[in-house]
Amino acid sequence: MKMLCVLDNQGYAVEYQSLGVLYLAGIAKEQGNEVQIFDTGLEKNKTLEEVISEFSPDLVFMGVYTPSILTDYKMIEKVKSLISKNSKIIVGGPHASAMPERTMNECKAIDFLIHGEAELSFAELIKALATGKNISEVKGIYWKENGKILHGPTAELLQDLDSLPFPAYDLIQKYDYKLPQISVGKKLALVITSRGCPYQCTFCHKGTFGAEYRRRTPENVVAELKWLFENFHYDEVYFVDDLFTLNKPWLYKFFELLDKENLHFPWKCLGRVDSLVQEDYYEMK
């Protein structure tokens, strides 16, 4: 099948890649599908209409976000008017996970919605669509049938994060993301090494990654870094984990592997100040 991922930034050039979309694109490619990414804020050579006409996607994926939800709906409706009647639109993302039924009700053009952590559900859904399998057995999805919104069983959180393919960074090399420079580097990659957060901050909704903290192995992360540096010439890294600093044994093992592989680069991360002591900061630097 052919899948088009549409990143809608309302015509504005954006700073950051969509790491979630890159992971799903990587999964679709791993299953043998043909995948393209179209970024409305950065594409200069073709219009969305031209890409859809030339590519004729069977599936279109879009992430939806609360601050931009009304314009997201408009873009989904526009895409629906451009694709064939047999093509399907799949949505995911934090807004979809927080309010799945409301999202489906407010945008009639959506065919399928992925609730929560998307990779396993996404892989199962596109395989079902390709083979004609009953989609009611697919975990973590919502769909419409005779005007009624239905959903499958709840999907489990992915435990083995190393099992995921690396994000499909090859599909966005045509775009120039103007990410804020950390230090002396020129090209910044986004990398996530863990998922979930055990803290209970009142402002946070854990609809996507949940409260269970899971982490890739340090070896797997180092392998991705080497792959990014050698193949795509990235030279700075932003670790976008909610809590990159939570597991100190993991951190120290990771730093040890970076030294062993002679990987030295500017980087930044997210974490909690109260989870570290002064010695940890010295090691991080």
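Me: What should I keep in mind about the numbers?

Reply: This is a predicted model, where local features need pLDDT of at least 70 and side-chain atom pairs pLDDT 80 or more, while totals for chains, interfaces and linings use all residues. Residues are numbered from 1 along each chain as its sequence is written, and side-chain values use heavy atoms, with hydrogens and water left out.

Me: Why are β8 and β12 called edge strands?

Reply: The open sheet has 3 strands in the order β8-β11-β12, with parallel pairing. β8 (188-191) and β12 (267-269) each have a single partner strand, so one side of each lacks a neighbour in the sheet. Strand to strand, the twist averages 20 degrees. β8 pairs with β11 (residues 236-239) over 4 bridges, and Leu190 has Tyr238 as its bridge partner there. Helix α7 (residues 218-232) packs on this sheet, touching β8 and β11, and its direction makes about 155 degrees with that of β8.

Me: How do you know which residues α1 and α6 bring together?

Reply: Contact means heavy atoms within 4.5 Å. By that test Tyr23, Leu24, Ile27 and Ala28 in α1 meet Glu119, Phe122, Ala123 and Ile126 in α6. By class that makes 7 nonpolar, no polar and 1 charged residues; Glu119 is the charged one, since Glu is classed with Asp, Lys and Arg. The axes (lines fitted to C-alpha atoms over the stretch in contact, angles from 0 to 180 degrees) come within 10 Å and cross at roughly 40 degrees. The crossing is right-handed, meaning the near helix is turned clockwise from the far one by less than a right angle.

Me: What makes a set of residues a nonpolar core, and which members touch the most others?

Reply: Its members are buried nonpolar residues joined through side-chain atoms within 4.5 Å, buried being under 20% relative accessible area (exposed is over 50%, 1.4 Å probe). The largest such core has 91 residues, and Phe122, Tyr169, Leu225 and Phe254 touch the most other members. Helix α1 (residues 19-30) gives the largest share, 8 residues. Beyond four places in sequence, Leu225 contacts Val191, Val237, Phe239, Phe254, Leu258 and Phe265.

Note on methods:
Helix = DSSP H or I, 4+ residues; strand = E, 2+ residues; numbered from the N terminus. Pairing = 2+ DSSP bridges.
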